[in-house]
Amino acid sequence: MLKKTFGELINLLVGAILIISLLMAGYLIFANVYHAQELQYDYYINDEGKTKRENIVKKIDDADNRLSTISFTVFGVNNKAIYYEKIRLGLKICTDEFKKMELYKTPIETADAFTNYTYYKDFNSFRGECLAYQMGVIRTTASSDLYEDEKMVSTLAMHQPVIYQITASNTVLENWLMGNSSYSYTTVDTRNTIYNPTKVIYERLLDNYEQSANILDEIVDYLEEVRATATTGEVTQ
Amino acid sequence: MKQLINGLFVVLRILLLLVAMGLIFYGLLLTYTRLDKSVTDSIPIMLPFVLLLIMYIINLMGRQKIINRNFFYNITAVIVLGAIVYIGYRAKFDTNMMLYYKYGINYSPSYLSDNLGTIKLLIYLLFISDLVLVINYRIFREKKVVKEKVIEVVEELPKEEVVEKIETEETVNA
């Protein structure tokens, strides 16, 4: 009798274990289905975003054309001509890098987690190649004893805070984007880091692209100004 | 009908266990290769899967009705293993998770590792339930067999003889 009761108790225990397993598995399935749906959130790009993208593309095309036509032969063959040519080539690398990016190549109607990551990845490689490396080279060259181009140094110094801000914002975006891969269960916090920011991340990325295009445009403006004000006196320098 | 559904669940749970094992092992292999870790480190994670598979083979070979005809156990096992397969599938194919691209292995190792603890626990729970049910059945089965045999013997006797025996026993007792 006691043995039988004991056996029934064990059966009851197994039943309890199975109920716990069933509840946990059910929770896992529902939480994961919900998470997958959240990650598939689409943000429809509004007209403002489309116009902004068109302006960026236009600005880069314009800067690239001007860089292709600008010539410093008026300075003859000397350090100054070499210096400006160096800057021109550095900027040309920047515009070429920009043209490789997905945002430049194809206009989009909707943004999702995948689009945002593609834009982020493209921009990150552009930031490394152009804003960090090429701008660094230009700054070092401009401030060197050989050229001492104070105007260029001050122009770059003016843009430096914007470059820092772009870099910092890019790190925030990276953390934000990566956050959607590590997941336990949906709370208000996880929801805020998954689908709600799709729009915000897209717009922040677009701002970064726009600011970078503006920086390139302004430095090309400066080069054109130098070229336009070049006098014959400088040629003999 | 119930037997047919149970039979389906038995087949399904074994298939799901094999798929789940494959998906989890594939994920661990990718992750460990990227980290230059030895594959032997995955043994503690794969151990419950192997134990459960052995248990299921024993259940099948021994035709253990206590498990094979236990509807509640079967449906729980199918749901648990289905959840694990879903997690393994998402780790490989849900491309919306950004870490999928991050390490260049086209897999979401952090998502898998987030769920590994729960997966291990669930598989151990299934294994323990199966083992306890089988042991419990073994202990009490003997009694049941003796009872069944007595009933069989009584049923084989002619009805009049049984009535006679009962009556003589009653008079002796009186």
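Author: Buried area is the accessible area that two parts lose on being put together, summed over both. In this predicted model, the area buried between chain A and chain B is about 3,100 Å², and carbon and sulfur atoms give 71% of that area.

Reader: Which residues of chain A lose the most area to chain B?

Author: They are Leu18(A), Leu28(A) and Ser181(A), which together account for 19% of what that side buries.

Reader: Why is the pair Glu174(A) and Lys102(B) called a salt bridge?

Author: The rule asks for a side-chain nitrogen of Lys or Arg within 4 Å of a carboxyl oxygen of Asp or Glu. The closest N and O atoms of Glu174(A) and Lys102(B) are 2.9 Å apart, which lies within 4 Å, and therefore the pair is a salt bridge. Across the interface of chain A and chain B the rule finds one salt bridge, and six residue pairs are found in polar contact there.

Reader: What makes up the side of chain A that touches chain B?

Author: The elements that give two or more residues to that side are α1 (2-39), α5 (113-143) and α6 (150-178) of chain A, and α1(A) gives the most, with 22 residues. The residues of this side divide into 21 nonpolar, 10 polar and three charged.

Reader: What makes the nonpolar surface patch of about 530 Å²?

Author: The patch is made by Met1(B), Leu4(B), Ile5(B), Leu8(B) and Phe71(B). Its largest share, three residues, comes from helix α1 (residues 2-34) of chain B, and Leu4(B) has its place in that helix.

Key
Residues numbered from 1 in each chain as written. Chains lettered and ligands numbered in written order. Predicted model: local features only at pLDDT ≥ 70, side-chain atom pairs only at ≥ 80, totals over all residues. Heavy atoms only, no water. Buried area = accessible area lost by both parts, 1.4 Å probe. Polar contact = N/O pair within 3.5 Å; in protein donor to acceptor, adjacent residues only side chain to side chain. Helix = DSSP H or I, 4+ residues; strand = E, 2+ residues; numbered from the N terminus. Nonpolar A, V, L, I, M, F, W, Y, C, P; charged D, E, K, R; others polar. Patch = residues over 30% accessible without salt bridge, like charges linked within 9 Å, V, L, I, M, F, W, Y side chains within 5 Å. Areas by Shrake-Rupley, 256 points an atom, 1.4 Å probe, with all protein chains shown as cover.
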